[in-house]
Amino acid sequence: MKVNYTKRLLHFKEPAGTSRGVYTTHLSYYVIVEQDGVKGVGECSTLPDLSCDAMPESRYEALLDQACHFVEQTGGIPYEMLRPYPSILFGLETAFAQLDAKGSWALSSTPFGRGEEPIRINGLVWMGTFEEMYDRLEKKLQAGFHCVKLKIGAIDFDRELELVRHIRACFSRDQIELRVDANGGFTSDNALQRLEALAQYDIHSIEQPIKQHQWCDMARLCRQSPLPIALDEELIGVNNPAQKERLLDTIRPAYVVLKPSLHGGAHGCREWIRLARQRGIGSWITSALESNIGLNAIAHLCAEVYGPHITMPQGLGTGQLYTDNIEVPLRLEGDELWFDGR
């Protein structure tokens, strides 16, 4: 077995704004595992100031070298060793999945992986000025999306609320499912008031209303909020099963939103889903600015853990973000993601 990696700087078609800043480029690493003439490729992708394994390039590459050498020597993935480094774990998992698939992009034996049914996804509206967000929203609706997620918390809240009000004036809850993601942009003092204001407009859920690591405040919000609360950033760095159970038992959210590159790879996400289901907590999976290599792996993971006939829209729209994305056999029709690689 031979294991190495390469890297690539991806360029956004337009700036991607969150409450933590604006992205214009994104660096991803690609692990390549070769055995008996078959090659598997997986993406290792971190987000600055967010991923628990985000670090200077030189240090990250040293860790990646070490992981590749270990895998080359042992022929397997050191899951426990890589729990603190979910992006590296997910890249290796994806490479091995493609190796097992004899080099095919079809990483799951599912109706999605056979090209028989799609996965519905939400349309994502990035933060920006009111006019930018309004324009992006209109384009998503025109493209045929029936579930839209708004990134909020960057501009004046009243203006963001005006955008939500506009959607509901034009579309009922049955026509458009509306999700919002605050990325921790509210404070413990103003969060409940803002959740009550948003709740007037039939919002499906809100992701991470306040910053992570405030378990008592988040638990209180989950008890008092008129809107279902989903945890996202809160899960980052919580990689031990006992820690996961304690977080879920303390906060008791309505949902957890899982990103394999941030939340423990495919292995860690399956663990989160199992523990959440035991407690009656829902979940969905989203990508985290990966290129199409990572997106393809995440889509097949969705198909495995939620399929067949997935009804909840997943967050798999990042294949449209980059000017220089990598070609894989994924196709977006309206709000349906199809796999054409059989």
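This is a predicted model: local features need pLDDT of at least 70, side-chain atom pairs count only at pLDDT 80 or more; totals for chains, interfaces and linings use all residues.

Visitor: Which strands and helix each supply at least two residues of the lining of the second largest pocket?

Guide: The pocket in question has a volume of about 260 Å³. Among the 16 residues that line this pocket, Leu-27, Thr-46, Pro-48, Met-55 and Glu-57 are the closest to its centre. The elements that each give at least two lining residues are strand E2 (21-35), strand E3 (38-45) and helix H1 (57-74).

Visitor: Which element gives the most to the lining of the second largest pocket?

Guide: By class, this lining has 10 nonpolar, 4 polar and 2 charged residues. With 5 residues, the element that gives the most is E2.

Visitor: Now the largest pocket: which residues are the closest to its centre?

Guide: Its volume is about 480 Å³. The lining is made up of 22 residues, and the closest to the centre are Glu-14, Leu-124, Lys-140, Gln-320 and Leu-321.

Visitor: Which element gives the most to the lining of the largest pocket?

Guide: Three elements each supply at least two lining residues here: strand E1 (2-18), strand E5 (123-125) and helix H4 (130-142). With 5 residues, the one that gives the most is H4.

Visitor: How many charged residues does the lining of the largest pocket have?

Guide: Asp, Glu, Lys and Arg count as charged. Beside 9 nonpolar and 6 polar residues, the number of charged residues in this lining is 7.

Note on methods: Residues are numbered from 1 along each chain as its sequence is written. Side-chain values use heavy atoms; hydrogens and water are left out. On a 1 Å grid over the protein atoms alone, a cavity is a set of points where a 1.4 Å probe fits but cannot get out, and a pocket is an open set with protein on both sides within 12 Å along at least five of seven lines; lining residues have an atom within 4 Å of a point. Grid points are joined across faces, edges and corners, and a volume is the space filled by probe spheres set on the points. Helices (H or I, at least four residues) and strands (E, at least two) are DSSP runs, numbered from the N terminus.
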